[in-house]
Amino acid sequence: MEPQLQGPIVPPEMLRQRPKKSWLLPAATGFAIGAVTGLVIGLSVTDGSETLSDAQDRGLNQDIINQAVETCGIDPDGYTVLDDGSAIELDTEGEDFLDSGTSNVVAYYCMLNELGVPEVTQQKMDRTRALDGTQSDTWDSLQASWSYHPDTGVNVLIEGAK
């Protein structure tokens, strides 16, 4: 009669116990390095001045607009500041030869980004047709309304939400 084996057959080299590796020291070291790096980067980015999102919590203002214009280099035909800086109109050039507005599309999109217009709202703007009329969207404490026509381009009004 043959002996019956129970359970899996394990080769002898696998029967010896392996020393356990400690994961606590590497994890704590990685956490400490990450925390210090985050703190250093955070302090270098913020200099104690008001951030764009802080300012937007109270609405749009002239400082935000000036910063966006300086960063993006949009030409004066591409924007109009309204109500002492509490609103701005962006205008792109249309096909009509008499139409004003910026032909610098990169500066236009830069302005949208600098003014904090969410990507989803920018996608809505890009998908607007002349037949759609004036569209609008609200985020944080701001709102935008826009329209598009091939002759006049895109006109966007950004202001504090009501």
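Guide: Buried means under 20% relative accessible area, exposed over 50%, and partly exposed in between. Keep that in hand. This model is predicted.

Visitor: How many salt bridges does the structure hold?

Guide: Two. One joins Asp132 and Arg129, with the closest N and O atoms 2.8 Å apart.

Visitor: Is Asp132 buried, partly exposed or exposed?

Guide: Its relative accessible area is 27%, so Asp132 is partly exposed. Arg129 also counts as partly exposed, at 49% relative accessibility.

Visitor: Which residues meet in the other salt bridge?

Guide: Lys124 and Asp137 meet through their side chains, at 3.1 Å from N to O. Lys124 belongs to helix H5 (residues 119-126) and Asp137 to strand E3 (residues 135-139), so the pair ties together parts that are 13 residues apart in sequence.

Visitor: Where does Asp137 fall, buried or exposed?

Guide: Apply the cut-off: buried is under 20%. Asp137 has a relative accessible area of 16%, so Asp137 is buried. Lys124 has 39% and is partly exposed.

Visitor: Now the strands. In which sense do E1 and E2 pair?

Guide: Start with direction, then read the bridges. Strand E1 (residues 79-82) and strand E2 (residues 87-91) are antiparallel, with four bridges between them.

Key
Residues numbered from 1 in each chain as written. Predicted model: local features only at pLDDT ≥ 70, side-chain atom pairs only at ≥ 80, totals over all residues. Heavy atoms only, no water. Pairing = 2+ DSSP bridges. Helix = DSSP H or I, 4+ residues; strand = E, 2+ residues; numbered from the N terminus. Salt bridge = Lys/Arg side-chain N within 4 Å of Asp/Glu carboxyl O. Buried < 20%, exposed > 50% of the residue type's maximum accessible area, 1.4 Å probe, protein only.
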